[in-house]
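Dear colleague,

Please find the structure we spoke about below, with its sequence. My notes on what was found in it follow.

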Amino acid sequence: MSAVAYEVDGEVAVLTVNYPPVNALSAATRTGLGEGIERAQADEAVKAIVILGGGKTFIAGADITEFGTEKSKAKPQLKDLQKMLENSPKLTIAAIHGTALGGGLELALTAHSRVAVASAKVGLPEVNLGILPGAGGTQRLPRLTGVEVGIDLITSGKHVPAAKALDLGVVDAIVDDVRTGAIAYAREALASGKTFVPVIERNEKITNVDPAVFAEARKTVGKKARGKIAPMVIIDCIEAACTRPAVEALAFEAEKFQELYASDQRGALMHYFFAERQARKIPGIPADIQPKPINSCAIIGAGTMGGGIAMSFANAGIPVTILDLSQEALDRGMGVVTKNYGISVSRGSMSQDKMDKALSLITPTTNYDDLAQCDIVIEAALERMDVKKEIFARLDKLMKPGAILATNTSYLSIDEIASATTRPGDVVGCHFFSPANVMKLLENVRSAVTSPETIVTVMEMGKRIGKVPVLAGSTEGFIGNRMLQYYTGEAEFLLEQGATPEQIDRVATRFGMAMGPLSMRDMAGMDMAAVSRKERSANMPAGERLSPILERLVAAGRCGQKTGKGYYRYEGREKFSDPETMEIIEGVAKEFGITRREFTDDEVEARLFAPLVNEGAKEIEDGTAIRASDIDVTWVNGYGFPVHRGGPMYWGEKYGLDKIYAMALEAEKRNGPRWAPGKLLERLAKEGKGWDAA
Ligand code: T1G
């Protein structure tokens, strides 16, 4: 059966793409479209051609599962189809519902006109895959939207709702029903004899553009891109649209597409795209297990975490009841929530109306009984096992049967917390990251007895509230924090051995981390870290040590930004190097008989990130992580790891697991037994294999 259905309705040919799940432009889709267009051209009765998507959506772009395969080279190419539409003697119309993305929108931009239903969205998200819209997207979209909007849309990959797309001129009309609306639109155009100028010939908005627009865009986009190359190349292509004849600029875009396609960043970003989708698939859970409906949420604790979690649910339209023990704590918490919403409104990222709606969905209470009927309760109270167990014993008695009992703990055992209830199958970790209304990661944590139904419910819920869910097992620190201690730990050992805080943070941000590990510590505050390290070091195996630099800084009153000094000295938000820090570091080195030496930046980079890979491999080994790519998703969304490097495990595989293994052997000698390579890493390194063989 063809991937494209062909029908004729009076003088209108309707081509419907049926290639689930997202009607991607696979070889089969392109063949079907090519045949359909030819057939319509040959049929004298047909005066107009409408292209639409079957099922939930228009066309979501090129078929990325076919990238690099023979199928991607098969004729007709997308560009052939575009020529057929753009040069068609008969009227061509793209009728959009769901999403028109990437090559899908680029195809639509070569139709003579575009209509969309109100719920549709359009966008050119190629940048998220490390490439650019290589079928004329950088040339045609700015011709409709103007250059500045075009740059914003294509460098961000944003999805634009239909009403805005209409405003911007990307679509020409909004219709009620995608099929009948498009056919009626075609008939009207035919009847009125209306003609359409192909988008590629509309030059008003790209002529005489001030070159300063591009200089400014390179600055602002460059800052956000943090080392990503595609956004900058996209600006080059849009500039070419404004300064060169269309044929030349299209050729330039094609050439730049090929360059990006061959880049490491494209490989990493495509890995990440599939990793995020793979993370939602949990092996061993029968396909007929359905998620429970989550139509209400209770939160215990109106602190920073509780408030942020409440906002995440309210933003998704789910009513939240938030509990704290005193009215004061509750008022304080709600005050912070209201203030945070206010900031979004003043920045223009949220409308007042949306803020009012979200706030109206949050009900504060001091009465536990108000939580009982909620579909899920998330505890975000103090990080102490005795406190958690007391709360869960109470929830066990209180909550309606079947409610999910979740904890936001960042490292405590879910099994032990669940043991305080008579329904451990309903107990699960839902570890949000701070600020919880912003950070994308939701690390769901299962105990040995969390039920499959509970697991699928919290995974589905994560997606619904706009998070990226990953499932972890309940070992201390779960996937992310368990690895983090090796990253920050190695940063401190590097300080002892001769690196400076500036070098370490510079190398980390050069790599693409949102922030260096030591600046991060300064921001989070080190007195808390010192307390939890004290507990941890009490359980340290023999031969293991933590560098005492952090404790010495705290003892010197250097707790980080909040005390005006930590690893750095602060004046307001600005940070400066501080000789006192270096004195402390050098003092520690001397005390432990360590001769400090210079490190190259590359050496520092490898030393910082290799321990993540080793610990990640141990997590796969002991089942804390289902697969390496889940670890990548965790680190990209919870720890500021640069997505264009694919995640720590992807990076490690590219760097060389054999080298990571050798480094782990050295780290073991230097730092202690916890740093030793795990069995899985050893095997893969020796066999010369990658994570696929895990
Ligand atoms: N090709 C192949 N499969 C795709 C796909 C695509 N473009 N997009 C999604 N899928 C699969 C996905 O892997 C998943 O599979 C299933 O569809 C549902 O996706 C010339 C070079 C469309 C908004 O970047 O943004 O055009 O896991 O879970 O939340 O310039 O998918 O079920 O097996 O994400 O409803 C540009 C990427 C391509 C769009 C739907 N297009 N996709 O979201 O479901 S490059 C994109 C998305 C290009 C031209 C070029 C989203 C979605 P499985 P999902 P969703």
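A salt bridge here means a side-chain nitrogen of Lys or Arg within 4 Å of a carboxyl oxygen of Asp or Glu. This is a predicted model, in which local features need pLDDT of at least 70 and side-chain atom pairs count only at pLDDT 80 or more, while totals for chains, interfaces and linings use all residues. Residues are numbered from 1 along each chain as its sequence is written, and side-chain values use heavy atoms, with hydrogens and water left out.

A search of the whole structure finds 43 salt bridges. In one of them, the side chains of Arg545 and Glu496 meet at 2.7 Å, N to O. This pair links distant parts of the chain, 49 residues apart, with Arg545 in the loop between α22 (526–538) and α23 (549–555) and Glu496 in helix α19 (residues 480–497); helices are DSSP runs of H or I, at least four residues, numbered from the N terminus. Glu496 is buried at 0% relative accessible area, whereas Arg545, at 24%, counts as partly exposed (buried is under 20% relative accessible area, exposed over 50%, partly exposed in between, with a 1.4 Å probe and protein chains only).

Asp602 and Arg510 also meet in a salt bridge (3.1 Å, N to O). Asp602 lies in helix α25 (residues 601–621) and Arg510 in helix α20 (residues 501–511), so the pair ties together parts that are 92 residues apart in sequence.

As for helix α10, 10 of its 14 residues are buried, so α10 is largely enclosed by the rest of the structure.

Best wishes

Methods. Helix = DSSP H or I, 4+ residues; strand = E, 2+ residues; numbered from the N terminus.
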